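Here are a few exercises to work through with the model open in your viewer. Try each task before reading its solution.

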Amino acid sequence: MATEKNLKTHNGIYYFRQGWNLIRLPGIRRFVILPLLINILLMGGAFIWLFDRLGHWIPALMSHIPDWLQWLSYLLWPLTVISIVLVFSYLFSTIANWIAAPFCGLLAEQLEARLTGTPLPDSGWAGLVKDIPRIMKREWQKLAYYLPRALGLLLLYFIPGFGQTVAPVLWFLFSAWMLSIQYCDYPFDNHKVSFQQMRSALRLHKTDNMQFGALVSLFTMVPLLNLAIMPVAVCGATAMWVDRYRDRLGVVSGSR
C-alpha cells in the first residue's frame, strides 16, 4: 500500500500505467481473459462498423454548418469526427461493461486480494453468481446518472457552429469523468460502498481521476489498444482504490 507521500505524487497517469503492469501478474491473468474477450468482440465489431459509416455521416453533419462558418470547415471536420468516435466509444464500452460487469468485479476482487493479502469474504466464482443481481442494479445506477447528462451534451450538437466547437471538448471531459466512475466503481461496489459515497470520494481527487479517465477515453479510441483497455482500466482503478480509498473509507477486510 502506498505511503502518504506516495498518495501526493501518484496521479491518474501513474494508475493508468499500473493497470498495464497489473494485468500481467501471475494468478491475475486468468481473471483478465473474460473481460478481454468480451471487449474484443464488442469493441472490435463496433469500430469496424463505425469506420464504415463515418463516410456517410460526416458529410450529412457538415451540411448543417451555416455558410458564414464554412471557412471553419477545416477545423470543424476533425472535431466532428472526434465527437462521433467519442460518443460511440463510450456507448459501446458501456454495453461491454454491462455484459462484463460481474467478471470485472471479480477481477477487481482478486487483484485487491493480491495487493493487500486480504481476500474478500465470499470471493471467487460462487460469490460472483450470488452478487450478480446487486452488480446489475449498480449498473442501472450508473446509467441513470449518465443518461440525462449525456442527453444535454448531445443537444449542444444541434446549435450551429457553437455546438460543433464546444460540445466535443465538453463531451471528452464528461467521458473522462464517467469512465473514472465506471472503472473505480468495481472495487467500491465489492465493498458495498454506495454509489453516492463513491462519487463524493472520487471528487476529492477529481483532477487525478479525470487524468485516469481521460487516458482510458483516449485509448478507447485507438484501434487494437482499445481491445485491452477494459481489464487495464479495472486493474488501474483497483490499485487506486487500495492506495487512496480503502483505508479512508474504513474498509478493513471488506465484504461483498
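**Getting oriented**

The protein chain has 9 helices and 0 strands, where helices (H or I, at least four residues) and strands (E, at least two) are DSSP runs numbered from the N terminus. This is a predicted model, in which local features need pLDDT of at least 70, side-chain atom pairs count only at pLDDT 80 or more, and totals for chains, interfaces and linings use all residues. Residues are numbered from 1 along each chain as its sequence is written, and side-chain values use heavy atoms, with hydrogens and water left out.

**Exercise 1.** Find what percentage of the 256 residues in the protein chain is buried.

*Solution.* Start with the cut-offs: buried means under 20% relative accessible area, exposed over 50%, partly exposed in between (1.4 Å probe, protein chains only). By that rule, 54% of the 256 residues are buried.

**Exercise 2.** Describe how helix α2 packs against helix α9.

*Solution.* Step one is the geometry: α2 (residues 12-22) and α9 (residues 229-245) meet at an angle of about 115°, and their axes lie 7 Å apart. Axes here are lines fitted to C-alpha atoms, for helices over the stretch in contact, and angles run from 0 to 180 degrees between N-to-C directions.

Step two is the contact (heavy atoms within 4.5 Å). On the α2 side it involves Tyr-15, Phe-16, Gly-19, Trp-20 and Leu-22; residues from α9 include Ile-229, Val-232, Cys-235 and Gly-236.

Step three looks at α9 itself. Of its 17 residues, 17 are buried. From first C-alpha to last, α9 reaches 23 Å, close to the 24 Å expected at 1.5 Å a residue; the expected span is 1.5 Å times one less than the number of residues.

**Exercise 3.** Locate Leu-153 and list what it touches beyond four places in sequence.

*Solution.* Leu-153 sits in helix α5 (residues 125-156). With 12% relative accessibility, Leu-153 counts as buried. Leaving out residues up to four places away in sequence, Leu-153 touches Ala-167, Leu-170, Trp-171 and Phe-174. For a distance check, Leu-153 and Val-166 are 13 residues apart in sequence and 9.7 Å apart in space, C-alpha to C-alpha.
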